[in-house]
Amino acid sequence: MTETITPDKVATTTTPADTFMEIRTMHGEGVLLYRPEDNSFISLTAEEWFAVRKEADDNQKAIDELQDANWEVTVKSVELMELKKQPFPEKNKLEQANQELDLALNKLNEKSEAVKKRVEAITDQKVDPEKLVELVPLTLMRTSTNKALKSPIYVKAGKLKSALAAGRVHLVQGETERKKAPAEKLHVNGKVNINEVHRRIMEKVQDKAQYKKEIWKFAPEDADSYSGILGEWAKGMGADATSFLERKQKEIIEDLGAGGMHNKDDPYRKIDLKPEAQFMRWSAGAGAEATFSAFQGNLHDKRDKKWLSRLKRGAKSAQFAVKANADASFAIGEAKVETIAYYPHAAGWHLYPTILEQPFDFGHFRLRGDLSLYAMAGASIAIEASLALMVVGDKQGVRGTPKGQKGVKARVGAKGEAQVFAGLKEGIDLAGAFQWMNPEGVLSLADPQKVDPRKAVAEYVDVANFSTGVAAIQGLQASAGFTCDYRGGQFVIAINAGLCLGLGGSGQIAGKVGVEQMKNFFMCLAHQLKQADYKKMSAVISQEAFEVFNKILYLVVVQKRKIEEFVGESAEVVRTLYKQTLKYVTQKGNEFLRNLESQLKSGWGWFAYMPPEARGALIASINDVVSNPQYAQDTESRRMAAYNVSELLATVQTTRQLENTLDRITVEMGTVPGRAHGETLILAMTDGTLYGNSLEQVTTQLAAASPIKGRPFMRNDEANFSIALFPLQHPVYLA
């Protein structure tokens with residue numbers, strides 16, 4: 001009688017149909033297995049096989065369910081992210097999406113704990129009988145109609161104890177195997193020599209009569225099935241089956257784990273069979289839906305564009321979630337996962353800290369981690385539902401959590417014990433970026449462009465790069481969630497994992513603002529100032545960083561330079577350039593006014609994002625030109641000056657920003673001459689021109705409306721500016 005084992009769970013997959021296999025076994029018939037770790041063939045009795053199959057099923061089901069939970073979190077976080085990116089999302093839909101994500105996260109944690117319980121008794125990955133071993137069941141026939149068990153399978157080593165004790169095993173000696181005649185080889189011309197495998201095991205078996213009775217049965221045509229399974233498995237590992245079987249024992253024991261570092265001409269160079277590597281393959285789902293099919297394409301391509309289509313594309317290439325909200329490619333033979341993980345998840349965390357007893361809304365942030373996971377530490381992170389940011393010595397990275405939970409230990413070479421879960425000693429180095437959701441979308445290669453607040457789609461953008469080193473931020477404390485400083489010609493950021501990313505704890509991690517992130521960082525800081533209504537934020541940005549930020553904005557507008565050109569310039573160099581530019585303004589006043597007018601007439605630019613200090617200095621520079629006696633009778637210069645001042649006032653966002661600007665109309669940034677002084681200078685420049693009442697108009701317009709937080713910058717003289725009077729869900733936004 002033939003028994004067909006029905007799977008406990010069936011999931012859709014686009015992996016090639018012939019990857020999966022159906023078990024057909026006779027009652028009283030055993031099963032032949034291949035164990036890659038020691039290059040051996042093992043014969044199980046029917047009773048032993050059913051015990052192995054049951055555990056393999058349970059282990060696979062646990063990983064399947066964890067991967068499903070990972071996928072669900074990814075989907076729900078992406079759905080929430082897409083809602084947050086819309087100009088005016090419906091409140092009830094946001095609440096529902098948040099609730100669904102919370103449920104998915106809870107389920108993920110539950111499934112993560114269930115997986116960990118299956119291995120928490122392991123004390124040593126080398127010799128513990130509880131350790132997981134990787135097995136390839138050869139007497140399985142591939143079909144396209146049933147998916148009961150995948151290959152490889154993962155079971156505890158103790159399940160093989162009786163078979164090993166009975167001598168039903170053949171350990172292949174690779175060096176000897178290479179010298180044998182073709183008829184005596186175990187694998188030749190792409191096929192397993194079933195008769196030879198049977199003969200060699202028979203030589204070692206203690207009870208030959210019982211072995212003959214219970215041994216797996218085979219017919220000549222079965223060789224194709226056996227060979228196909230072994231060949232498919234070897235191919236997935238990046239090897240040729242014959243070369244794989246003919247390895248030397250020394251190569252198996254001593255020369256593993258270099259994954260890809262071997263001689264390029266070695267046909268089995270990519271296979272890593274360390275116990276830790278086997279454990280990682282199981283925890284990352286190597287025997288589950290992603291079997292033999294790695295991610296196709298570039299993981300770093302268009303990270304945050306058209307997410308839903310990216311998810312579909314990933315599914316079609318067997319992309320799977322090694323950790324929640326991660327894109328992953330699995331080099332199965334190397335036990336290596338390249339993954340992009342988002343902390344706390346793809347939708348990000350709403351940073352809403354209290355500074356000096358006042359609430360601040362800083363918008364949404366997340367951390368994008370580009371991780372390469374290997375062996376034991378990689379297995380831990382693949383299983384963990386949440387991770388902890390860490391800084392150890394001069395390195396920063398991630399570790400498994402939660403705290404206080406007893407960890408599973410394993411040997412990792414000469415380094416001693418490394419815990420698999422809580423308190424993981426072998427942390428993963430962190431690289432990636434700190435991302436902020438820009439209400440104005442992705443900045444183009446050119447200067448910022450004005451966007452319609454009714455149509456703007458927010459996007460996550462990189463504002464700083466993270467790498468393993470922490471030297472750039474020694475002593476920087478992110479008490480408000482994140483803080484920035486200016487060191488060595490670069491803006492640097494420190495983030496608090498608990499406050500800024502909602503990960504719990506008080507761990508900090510840091511990054512630098514490079515050339516590619518400079519524009520996004522400036523946009524982010526400009527929005528944070530607006531969100532805080534231009535109140536003092538000394539807990540967020542250092543005095544020197546704020547000074548450099550303002551002076552660079554001034555230089556960008558006056559000199560028409562690109563923001564990214566200032567990366568690497570020391571604070572002292574920026575101060576020198578600022579002084580030189582002030583001298584240029586006084587010497588080439590008419591040219592300065594004309595160039596500025598040209599920029600302002602373009603409609604939009606970095607001038608719109610200037611805080612009071614930079615804006616006040618620019619207005620003061622205009623005054624320095626027209627107050628010069630040589631321009632006293634120059635009506636064209638006075639017209640340009642009045643126009644420029646009027647336009648600079650038109651991009652002020654709030655009453656407080658206007659008041660702070662009027663207080664700071666001076667090229668001596670950091671000093672506060674006062675509002676009366678500022679008003680006097682502006683009136684002197686605009687009186688008697690078409691722009692004589694511009695200050696009064698701006699004051700009236702700003703008093704009547706407060707721009708919505710988290711929305712793009714706007715001109716205060718446009719009709720849409722008045723919509724800020726209405727609540728977020730007012731029907732006017734749905735027009």
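This is a predicted model: local features need pLDDT of at least 70, side-chain atom pairs count only at pLDDT 80 or more; totals for chains, interfaces and linings use all residues.

Residues are numbered from 1 along each chain as its sequence is written, and side-chain values use heavy atoms, with hydrogens and water left out.

The protein chain contains 22 helices and 27 strands; these are DSSP runs numbered from the N terminus, helices being H or I with at least four residues and strands being E with at least two. Of its 735 residues, 57% are buried, where buried means under 20% relative accessible area with a 1.4 Å probe, protein chains only. Among contacts in the chain with a separation of 6 or more, 71% join residues 24 or more positions apart; contact here means heavy atoms within 4.5 Å. The accessible surface comes to about 30300 Å², and carbon and sulfur atoms account for 51% of that surface, by the Shrake-Rupley method with a 1.4 Å probe.

Let us now consider L160. Where does L160 lie? Its place is the loop between β8 (153-156) and α3 (161-165). L160 is buried, with a relative accessible area of 0%. Leaving aside residues up to four places away in sequence, L160 touches L33, R35, I42, L44, V133 and L135. For I42, which is 118 residues from L160 along the chain, the separation of the C-alpha atoms is 8.5 Å.

The next element is helix α10, residues 275-283. Nine of its nine residues are buried, so the helix is largely enclosed by the rest of the structure. Among these buried residues are F279, M280, R281 and W282. After α10 comes G285, with a positive phi near 90°.

Finally, I turn to helices α15 (residues 543-559) and α18 (residues 612-626), whose axes come within 8 Å and cross at roughly 45°. In the contact between them, F546, N550, L553, Y554, V557 and V558 of α15 meet E613, A614, A617, L618 and S621 of α18. By class, this contact has eight nonpolar, two polar and one charged residues.

Conventions. Buried means under 20% relative accessible area, exposed over 50%, partly exposed in between (1.4 Å probe, protein chains only). Axes are lines fitted to C-alpha atoms, for helices over the stretch in contact, and angles run from 0 to 180 degrees between N-to-C directions. Ala, Val, Leu, Ile, Met, Phe, Trp, Tyr, Cys and Pro count as nonpolar, Asp, Glu, Lys and Arg as charged, and the others, Gly among them, as polar.
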